[in-house]
Amino acid sequence: MAEIRLRLTENELSTISRTGAIAWLIKGMNIENAQDALRSSIRQQSDDPTASQKIMIEEKRQKLLSQINKFYETAMVITNGMELEGGEGLQQDDPELCLEEADGYNFPGINILEEDSILNLSDNADSAAEQKELELRKGQANDCLEKLHQALGDRSVVFREKLHSNKSVHHQGTRSTKELQKITLAINKHAREYRRSRAAMQQLGTDSDTLTSYQSLKADDLAVSKEVTEENRCGQGSDKLAWFWRINSATNSQKSEWMYEFYQVNWLKAKVRYDHWSEELKLVQHEMYWTVCWFQNQELMWRRRSGKSIKNGHKAYAEKQAFM
């Protein structure tokens, strides 16, 4: 997103329009991420949090509210006094994207943000600002997918090298399991951020081609890559990567040595599957041709037998076989 932000900022400075809109939009996205981080922190608390834990959550909440108030103060300047409406309410996170987080989302003493403090950047009626936000949302989605690539790769490596290699350490409380839990939290965080960016693009009225490129992200897409954990498994002929591994941002992932190897392995496997099915197609075509030739040969053979037959019964049987 850095390149998109730089381009939009340079365009903003070169025009006579009011400056600061890009920074304002980025601030709003950062506040959304802070809201998500606060909800995640609340979920990870125990059912009976200590006083210090409650204080920590309340301090984070007050800091976030202060950022939101400053955001709306800046909005009055950026939008020339245009009134911005709040959201309809806090959207609950998908439970499948809150794995490894304790079920302490609504424990007593901690209140989530009120509805009037929820951001909704898509309510801006300025079409120019909407286009800027749409570009930023695309960059945000690309960054999230890039981070998902790396995090999913790291989780697969942990499974293979630290968990599957030594069965005795595969239990809760070990260093490897803690590392795996940390990576899973990061994956869920990036997935939730991607969903927010895609939802914002939909609200901004993006075209269908863009939504086709940025598809809906499902929890099943975030599974551990079996290319790493089960290299010799059966049924690989029908396997395919999740959609976000095949978009253009995957090129940047090849900067990582592990990701470069990952794409090499999947490319080679895809080529092998293509060659295999190409060979199968040729074999089926030849087998069909051989089958037709065999029946034609059988027809000629029985017609010769019919011509040599003396008895009517034998001749009738041969003609019957020839017509089969």
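Cys144 is buried, because its relative accessibility of 1% falls under the 20% cut-off. The model is a predicted one. Cys144 sits in helix H4. Setting aside neighbours within four places in sequence, Cys144 contacts His190, Glu193 and Tyr194. Cys144 and His190 are 46 residues apart along the chain, yet their C-alpha atoms are separated by 5.3 Å.

**Around Tyr194**

Tyr194 also reaches other residues. Not counting residues up to four places away in sequence, Tyr194 touches Ala141, Cys144, Leu145, Tyr214, Gln215, Leu217 and Trp243. Two of these partners, Leu145 and Leu217, are listed with Tyr194 among the residues with the most contacts inside the largest nonpolar core. Ile187, Leu222, Phe244 and Trp245 are on that list too.

The largest nonpolar core has 25 residues. Helices H4 (127–163), H5 (175–203) and H9 (257–308) each supply at least two residues of this core. H4 gives the largest share, with nine residues. A second core is separate and has 18 residues. Leu25, Leu38, Leu64 and Ala75 are included in this second core.

**Helix packing around H2**

Helix H2 covers residues 21–43, and helix H3 covers residues 51–78. Two packed helices are described by the angle between their axes and the distance between the axes.

| Helix pair | Angle | Axis distance | Crossing |
|---|---|---|---|
| H2 and H5 | about 140° | 11 Å | right-handed |
| H2 and H3 | about 160° | 10 Å | left-handed |

How do H2 and H3 lie relative to each other, roughly parallel or roughly antiparallel? Their angle is about 160°. Angles over 145 degrees count as roughly antiparallel, so H2 is roughly antiparallel to H3. H2 and H5 pack at about 140°, and they are therefore oblique to each other.

Which residues form the H2 and H3 contact? On the H2 side are Ala21, Trp24, Lys27, Gly28, Ile31, Ala34, Gln35, Leu38, Ser41 and Ile42. On the H3 side are Ile57, Lys60, Arg61, Leu64, Gln67, Ile68, Phe71, Thr74, Ala75 and Ile78.

H2 meets H5 through another set of residues. H2 brings Glu32, Asn33, Asp36, Ser40 and Arg43. H5 brings Lys189, Arg192, Glu193 and Arg196. Glu193 is also one of the contacts of Cys144.

**The chain as a whole**

What secondary structure does the protein chain have? The chain has ten helices and zero strands. Along the sequence the pattern reads α-α-α-α-α-α-α-α-α-α.

Of the 324 residues in the chain, 38% count as buried. The accessible surface of the chain comes to about 20100 Å². Carbon and sulfur atoms account for 53% of that surface. Among contacts between residues at least 6 apart in sequence, 74% join residues at least 24 apart. The Cys144 and His190 pair, 46 residues apart along the chain, is one example of separation in sequence with C-alpha atoms at 5.3 Å.

Technical notes. Residues numbered from 1 in each chain as written. Predicted model: local features only at pLDDT ≥ 70, side-chain atom pairs only at ≥ 80, totals over all residues. Heavy atoms only, no water. Helix = DSSP H or I, 4+ residues; strand = E, 2+ residues; numbered from the N terminus. Buried < 20%, exposed > 50% of the residue type's maximum accessible area, 1.4 Å probe, protein only. Contact = heavy atoms within 4.5 Å. Areas by Shrake-Rupley, 256 points an atom, 1.4 Å probe, with all protein chains shown as cover. Core = buried A, V, L, I, M, F, W, Y, C linked by side-chain atoms within 4.5 Å. Axes fitted to C-alpha atoms, helices over the stretch in contact; angles between N-to-C directions. Parallel < 35°, antiparallel > 145°, perpendicular 65-115°, else oblique. Left-handed = near helix turned anticlockwise from the far one by under 90°.
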